[in-house]
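Here's a quick walk through a few helices and strands. Have a look at the fold first, then read on.

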Amino acid sequence: MRNGSYRRATALTLGATLLAALPPAATAHATDSAAAQATAEAARTVDAETTDDFAALADAVLTRRTSALLDGPRATRRAGAVLPLKGDVHVTSSLARTEDTATEVLRDRRARLADLDEAYTAAETEVDVDEVLVTGDRATAQVTETTMLTYKKIQGDEPPTTGFQARHELTFAAAPDGTWELTGFTPLDEGGPAAVNSVADTAGDGGPTFTGMAEEPIDEGGEPETDGPAPLESQAGTTQPTVQAQAKVSASYNYTAMAKYAEKYWKKYNPDYRKFNDVGGDCTNFISQALRAGGWKNDTGWYKSYKNWWYNSSNQTTSWINVNYWASFALHSDRAYNLDNVYKLGTGDILQMDFSGNRSKDHSMITTYKSGGVPYLTYHSTNTYRKSVKSLVAQYPRATYYAFRT
């Protein structure tokens, strides 16, 4: 950066000196050329073909990352593929080195998963360009990645696939010859664990980059009631027991309906509900919808009280959208109780995470599948389908987990 700044400053100084030395006609011509260049930069646009090239390059970067997680020699070759350093749209050498480091991080993650008897044999990635903005010689492209991975049959009863959606922002710089260099690749999602191929936290997968709390609902007036102390949750262990937990048995709710709802809307949002992605995350709003689909009824009362839980066309309780308020309501109302191990979760049960260990929980997920004693979780923020508890613990070993039997 210092060398580049130095060269730019030197060039500007030399340019000013040369202009001063030129005769008036030459000076005017140089000024007109500079103005023409500035106008050209201001008018620069990205056509459909270039937009497709942006998407293709994003796909190449993401496919390379995901391939580092896959089992088998073919995947290893794809993970070692060289990103384009030349062409109409290419990466900078600096970003290519960063991606090489990312590949090593993901290979380490693959090894940790293998130690837990989890592996993926194949992956398919699609990239959609949501928006492209051009300002002078800079462009940003916001894209949505949808990746589906195939589980390797190690125990024999793993689900067929797991998947996630992740949003990214790509930053490009235009070269004088009209080509574009990819200079930056930044995750945009707020809330929840990062995608399994994310390398946003290369220092040890300590936690996501997000705020974790949904915005307080619209105030309709009145005074909150005195709630008293909220129930305390107990933490859940993360070591897989040698003996499988007993199957979940209850006639209270329709747990199959909960799972079907969550798996239907994990990436295609239900238009009957508001979204909270832009105010801290949609995870608890999403599990509340699934629980309602399985039979949870409204518990009316003051919307700021953890003792109530409801949703209507204009408002909702804090417990509907907030991780900690939901837990307090679930325990207070006896609609849920804590389990002492995450592997005891059954279909329709809820897992919450505290990434920082400060007892303020950050994220909610619902169990939608279980096989071989392993629960698989579906959630919003980042939108995810059937992520195993194994992979979650491997990605976030320092997090604190709270398991709820519904």
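This is a predicted model: local features need pLDDT of at least 70, side-chain atom pairs count only at pLDDT 80 or more; totals for chains, interfaces and linings use all residues.

**Helix α5**

Let's start with α5, residues 93-115. How far apart are its end C-alpha atoms? They sit 34 Å apart, and that agrees with the 33 Å that 23 residues should span at 1.5 Å a residue.

As for what's tucked away, the buried residues of α5 are Leu95, Ala96, Glu99, Ala102, Thr103, Val105, Leu106, Arg109 and Leu113. Residues three or four places apart in an α-helix point the same way, because there are 3.6 residues a turn. The buried set in α5 includes Leu95, Glu99, Leu106 and Arg109. What do these buried residues pack against? Their partners include the helices α3 (48-67), α4 (73-79) and α10 (389-395), along with the strands β1 (89-91), β2 (120-135) and β5 (180-187). Just past the helix, Asp117 has a positive phi of about 60°.

**Helix α9**

Next up is α9, residues 323-332, which is mostly covered, with eight of its 10 residues buried. Those are Val323, Asn324, Trp326, Ala327, Ser328, Phe329, Ala330 and Leu331. They pack against α7 (283-293), α8 (318-321), β6 (337-339), β7 (350-354), β8 and β11 (400-405).

Which residue caps the N-terminal end of α9? That's Asn322, with a side-chain oxygen 3.0 Å from the backbone nitrogen of Asn324. Asn324 is itself among the buried residues of the helix. Just after α9, Asp334 takes a positive phi of about 65°.

Now for β9, residues 374-379. Six of its six residues are buried, so the strand is largely enclosed by the rest of the structure. Both faces are covered: one side carries Val374, Tyr376 and Thr378, and the other carries Pro375, Leu377 and Tyr379.

β9 pairs with β8 (residues 363-371) in the antiparallel sense, and with β10 (residues 384-388) in the antiparallel sense too.

| Hairpin | Bridges | Residues between strands | Positive phi in the turn |
|---|---|---|---|
| β8 and β9 | five bridges | two residues | Gly372, about 60° |
| β9 and β10 | three bridges | four residues | Ser381, about 65° |

Note on methods:
Residues are numbered from 1 along each chain as its sequence is written. Side-chain values use heavy atoms; hydrogens and water are left out. The expected span of a helix is 1.5 Å times one less than its number of residues. Buried means under 20% relative accessible area, exposed over 50%, partly exposed in between (1.4 Å probe, protein chains only). Contact means heavy atoms within 4.5 Å. Two strands pair if DSSP finds at least two bridges between them. A polar contact is a pair of N or O atoms within 3.5 Å; within protein, one must be able to donate a hydrogen and the other to accept it, and residues adjacent in sequence count only if both atoms are side-chain atoms.
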